[in-house]
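Morning, everyone. I have a few items for you today, taken chain by chain.

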Amino acid sequence: MSNLFLSMQNVSKRYTGVQALDQVDFEIRRGEVHCLAGENGSGKSTLIKIISGVVQPDDGSRIVVEDREITHQTSIESMRLGIEVIYQDLSLFPNMTVSQNIALNEIIENKSRLVVKKHEAEIAQAAMDRVGVDLPLKELVGDLSMGDQQLVAICRALTSDVRLLIMDEPTTALTRKEIQGLFRVVAELKSQGIASMFISHKLGEIFEIAERVTVLRDGKKVGTYPSSDLDDAKLSYLMTGQTVEYTPYDYERIEQQPLLEVRNLSKKNNFADVSFTLAPGEILGITGLLGSGRTELALSLFGMNRPDSGAVYLNGDRLPLASVGKSVRAGIGYVPENRLVQGLVMPQSVGRNIAVTTIRKLLAKLGFIDKDLYHENVAEWIDRLSVMVPSAQSPVQTLSGGNQQRVVLAKWMATAPKVLILDGPTVGIDVAAKSAIHTIIRDLAKSGVGVIIISDEVAEVHGTCNRALVMNRGRIKAEFAMASVSAHELQDAVQQVSA
Amino acid sequence: MRRLMQRHETYVFLAVVALTIVVTALNPNFLTMENFLDILKSCSFLGIMAIGVLVVLISGGVDISFTAVATVGQYVMAVVITRYTGNIALAFTIAIAIGLVLGLINAALIYFFNIPTIIVSIGTLNVFYGLLIVFSGGKWIYTLPDWFHKFAETRVFTLFNSNGIPYGLSIVTLIWIFVIVLAALILRYTVLGRSLYAVGGCGFDKGPAERAGINIFRVQVFVYTFMGFTAGVAGVVQALLVQTVAPNSIVGKELNVIAAVVLGGASLAGGAGTIVGTLLGVFLLAILSNGLTLMRVPSYWYDVVIGMVILTSVSASALQQRREQQRAIAVEEA
Amino acid sequence: MKKGIVVWAALALLMLTPALLFAKAEAEDDVYEIATVVKITGIPWFNRMEVGVNRAAEELGVNSYQIGPADADPAQQVRMVEDLISKGVDAICVTPNDATALEPVFNRAREQGIIIITHESPDQRGKDYDIELIDNENFGRHHWDMLAEQMGGSGQYAIFVGSLTVPLHNLWADVGLEYAATQYPDMELVTTRIPCGEDQELSKQRTLELLQAYPDLKGIVGFGSLGPPGAAQALREKGLIDEVAVVGTVLPAHAAQYLKDGSMDHGILWDPGDAGYAMTWVALQLLEGKEIVNGMNVPGLGTVVLDGDVIKVDAMIDITGANADDFGF
């Protein structure tokens with residue numbers, strides 16, 4: 001018996017016109033913690049689908065699981081072989097309890113007809129005991145934190161005899177503390193000989209736990225490396241084939257008067273006593289862990305989360321903070337954290353999404369939309385932000401994450417805001433697209449707009465902003481000028497105030 | 001206790017209690033065994049369909065064709081028993097069989113064409129009902145057999161009021177209880193019931209349910225045939241209550257039933273809803289309608305009051321949910 | 001995919017069935033074609049009217065027939081009249097859902113020489129004649145006379161109407177209440193009119209509630225053919241047949257069982273079959289160039305009282321346990 005659980009050789013997959021995977025060799029050892037890294041479109045998901053039996057590889061591919069060659073695997077067979085995938089959406093049922101969620105697969109697999117509550121609870125408890133987690137069995141999964149939901153998904157996978165647990169982007173929505181909890185569980189699985197595989201394009205935490213990292217680019221394997229040989233810069237080079245350097249933002253104060261002034265802003269159970277200023281042309285980062293109050297603060301500035309006390313002044317005028325419409329008219333733009341939910345109307349065209357904020361300016365007589373003006377306007381923005389799109393009529397949902405983010409930016413830049421708040425502007429988009437977006441943001445700031453970036457990626461904040469505030473438990477704990485601090489020092493500071 | 005206050009059912013229950021107190025204060029006749037049993041009897045028809053609607057809503061669908069299904073089942077049943085004879089078992093068998101078949105048609109259309117359930121059921125409502133009118137010519141059936149009449153008056157136990165008039169737990173209520181128990185067993189103790197909540201809980205993308213190994217088609221067949229079953233039973237029950245079969249007497253009550261179920265906490269988005277909640281919703285509307293007359297409220301106000309109660313109850317619960325969902329951050333004390 | 005096509009085809013065929021059933025052979029052209037458009041098809045009232053229309057076809061030797069929408073929808077009625085105009089019929093008889101909606105299309109029909117006769121719409125514009133088989137004032141008052149007789153001229157009572165927006169039901173109730181105020185001062189209305197008369201189950205439920213809310217209730221007068229039977233059922237159940245009187249508009253065959261056991265006391269109506277017959281008869285007179293005059297005799301119905309362009313024939317019928325089975329509807 002070899003020490004390999006899974007070994008794949010020469011695996012290719014061609015979809016009509018696209019070589020999704022090109023002669024990839026890949027292996028996972030028993031009990032190994034492996035990370036599969038690559039940009040969007042690098043072939044990560046195709047590889048996972050082949051491993052889990054959802055799609056069949058092309059002829060000439062060879063897959064061996066537990067020393068046995070597999071041909072024409074189906075997803076049911078792959079589950080029987082002990083391969084479980086936890087997708088990014090977790091595939092949980094938020095309306096059902098923890099024990100119901102954990103036990104469901106097992107009960108259906110067993111072809112039982114009746115459910116005995118006690119039995120259900122036993123299955124769930126046993127799975128939780130295996131990895132030493134303790135979740136309230138009767139709680140609805142929808143009421144749990146993202147981190148706990150992730151654990152529920154893992155426990156559910158453990159109800160079968162799992163040998164390899166594949167997790168797609170498991171850490172994106174988790175707080176630091178929750179990530180630690182997840183890693184403890186992964187370590188526990190490892191001690192039981194269960195291999196884990198993370199799929200990620202986010203650098204950072206994964207290094208702490210992964211033993212080896214396999215990098216894919218454009219459907220080809222770049223290589224497999226011990227994670228100790230990699231760092232952020234190297235991995236990003238391997239993934240993109242180019243070096244991305246964060247050059248600090250050379251901000252020069254043009255104006256002594258602050259553009260935006262926040263004084264003692266407080267809201268119960270959200271944040272307290274927040275004061276800061278923002279000058280024109282500044283890019284101010286607000287960082288802190290998930291749950292530090294940074295997003296709530298941003299929503300308040302935009303008029304979506306009315307504060308209890310305190311005031312905000314824009315060019316010396318007090319902002320009402322009472323409604324989004326008023327904030328937009330006053331000159332505040334906001335690009336939300338989850339652009340899919342809050343920022344874009346996915347089935348609508350790129351053009352319509354861009355024009356929605358400025359519709360009033362595009363009206364001809366009688367209140368009809370001036371078609372020519374509309375097309376002109378949309379074309380200009382698509383060009384200015386180099387949105388890669390076949391036509392302005394394409395639905396937004398057909399675009400890649402990076403291009404979607406550009407559409408959101410265009411939409412808000414079109415309103416000519418004085419202050420633009422960006423919440424996690426590059427979450428979920430790949431390295432190359434990230435730096436393009438950073439350039440857009442800087443150009444915008446240089447034109448005199450005040451930009452606030454809310455982010456938990458310290459590297460991003462450090463690379464884009466000239467100044468950063470660190471929040472924890474609803475309060476501003478520290479302020480740094482980026483010129484006088486390294487990314488590493490900033491990271492340490494965040495850890496420190498959050499400890 | 002905290003969990004109890006989070007439950008929608010608690011609020012509906014409190015509304016029922018409050019309403020009972022108010023109505024009784026104004027008219028002590030309300031809180032009598034006789035009135036209680038009368039209400040149980042008269043709302044069993046809507047109550048039976050409400051159970052079917054609950055199952056559909058849990059699975060994430062919306063069905064409004066059930067009134068047409070009930071009508072068709074009832075009419076064919078009535079034609080057969082008046083023209084040929086029969087007995088009560090045959091009457092139920094005919095109506096239920098028709099309900100199952102029509103439910104199956106709904107399920108097949110929904111599954112194979114993947115059309116939103118409400119659209120399918122708007123279509124089938126009109127087709128089922130339209131065909132019945134075409135073939136029946138809209139004739140009413142007034143004279144149902146004696147045994148049918150007698151069965152309707154069967155009581156599980158009999159009491160006498162101060163005038164010596166008998167009343168009691170009607171057989172019709174017993175049928176409703178049977179449907180309730182059946183549905184409760186399925187929802188609570190079977191894998192099918194669990195699958196139902198799972199399918200409804202994953203919203204529009206049924207991927208998670210499929211990955212859990214659930215056969216979506218089978219679940220949908222169950223959901224819509226069960227709806228058909230309850231519609232068939234309800235059709236016979238309505239005929240028992242009214243002793244007249246008129247093709248246009250049930251169609252049009254869809255929204256009353258759906259309102260009661262939603263009032264009881266079922267979500268139009270699917271995945272949520274309980275039997276207890278549904279029963280409370282049915283009771284609330286029944287007591288409301290009954291109580292308004294007993295409180296001598298002019299009939300012009302009925303619709304307004306009923307609408308207000310539905311809005312208040314649903315928004316109170318939504319408000320509670322929103323309060324819970326609001327992100328709370330442990331803000332550090334100064 | 002193939003399966004999909006088959007199912008669609010089956011469904012389409014299913015939907016076409018009604019159309020196929022109605023596609024009758026075109027009738028001969030040498031007799032007058034008189035079409036009757038009713039409010040809604042498939043309810044007993046208009047089924048009965050169709051019997052009268054068909055009787056007219058036989059007895060008067062015309063091509064008369066009845067059509068109507070599946071819902072009581074004014075727009076569909078307008079469309080049907082439009083279709084009849086382009087078909088080139090000789091006369092159109094209508095029981096309107098909405099008088100104003102039909103006015104323009106009536107005018108258009110008359111411009112083309114088509115006779116327009118209406119029923120239950122005396123104030124209709126654009127018609128040649130309207131025919132009423134009852135005098136609405138008289139009809140309303142008669143209900144109160146009958147109710148008073150059953151109640152002994154005093155006591156509490158309630159009114160059922162089909163809905164608060166059915167014009168005739170509410171007109172009858174208005175007339176009756178006004179009449180009772182002077183004629184029967186000892187009769188006391190307990191609550192505003194209750195909209196349940198088109199739903200038997202609801203009428204029964206409302207009656208049970210009324211009995212609790214107003215224990216001294218002595219009578220119910222119901223408009224809308226399902227109100228009185230529902231009330232009667234409730235009285236039966238509570239053993240109050242002799243305590244509470246029920247009077248109202250009902251279909252004789254439906255009410256027979258309640259009239260016979262005394263749970264309902266008196267029914268009042270006119271025969272919609274007569275209305276169907278009379279509309280066609282009037283249309284034929286006009287087509288043949290005859291004038292409608294006071295005192296004319298409508299076969300089987302009685303003499304005409306002409307009031308402007310409204311033809312009144314008193315054909316109100318009283319329905320009791322003794323005669324309920326004799327009407328044939």
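**Surface patch, backbone angles, overall shape**

Start with B:Ile177, which is partly exposed at a relative accessible area of 35%. Keep in mind that this is a predicted model. B:Ile177 sits in helix H9 of chain B.

Now, what does B:Ile177 belong to on the surface? It is one of the residues of a nonpolar patch. Patch members must have over 30% relative accessible area. B:Ile177 has 35%, so it clears that cut-off. The patch as a whole has about 840 Å² of accessible area. Its members also include B:Met33, B:Phe36, B:Phe157 and B:Tyr189.

Which elements of chain B give two or more residues to the patch? They are helix H3, residues 33-42, strand E1, residues 155-160, and helix H9, residues 171-189. H9(B) gives the most, with five residues.

Next, chain A and its backbone. Two residues here are worth a look.

Take A:Gln23. Its phi is near 50°, a positive value, and the residue is not a glycine. Where is A:Gln23? It lies in strand E2 of chain A, which covers residues 18-29. Is A:Gln23 buried or exposed? It counts as exposed, because its relative accessibility is 54% and the cut-off for exposed is over 50%.

Then A:Arg473. This residue is not a glycine either, and its phi is positive, at about 45°. A:Arg473 is in a loop of chain A, between strand E19 (467-472) and strand E20 (475-481). With a relative accessible area of 40%, A:Arg473 is partly exposed.

Last, chain C, taken as a whole. How many helices and strands does it have? Ten helices and 16 strands.

On to its dimensions. Along the principal axes, the C-alpha atoms of chain C fill a box of roughly 65 × 60 × 35 Å. The radius of gyration is 22 Å. Why does that agree with a compact globule? Because a compact globule with 329 residues would have a value near 20 Å.

Now burial and contacts. Of the 329 residues in chain C, 54% are buried. Among contacts with a separation of 6 or more, 68% are between residues 24 or more positions apart.

And the surface. Chain C has about 13,600 Å² of accessible surface. Carbon and sulfur atoms account for 52% of that surface.

To recap the patch on chain B: about 840 Å² together, with H9(B) as the top contributor at five residues. Over to you for questions.

Conventions:
Residues are numbered from 1 along each chain as its sequence is written. Chains are lettered from A and ligands numbered from 1 in the order in which they are written. This is a predicted model: local features need pLDDT of at least 70, side-chain atom pairs count only at pLDDT 80 or more; totals for chains, interfaces and linings use all residues. Side-chain values use heavy atoms; hydrogens and water are left out. Patches are made of residues with over 30% relative accessible area and no salt bridge: like charges are joined within 9 Å, nonpolar side chains (Val, Leu, Ile, Met, Phe, Trp, Tyr) within 5 Å. Accessible areas come from the Shrake-Rupley method with a 1.4 Å probe; for residues, only the protein chains shown count as cover. A salt bridge is a side-chain nitrogen of Lys or Arg within 4 Å of a carboxyl oxygen of Asp or Glu. Helices (H or I, at least four residues) and strands (E, at least two) are DSSP runs, numbered from the N terminus. Buried means under 20% relative accessible area, exposed over 50%, partly exposed in between (1.4 Å probe, protein chains only). The radius of gyration is taken over C-alpha atoms; the globule rule is 2.2 Å times the number of residues to the power 0.38. Contact means heavy atoms within 4.5 Å.
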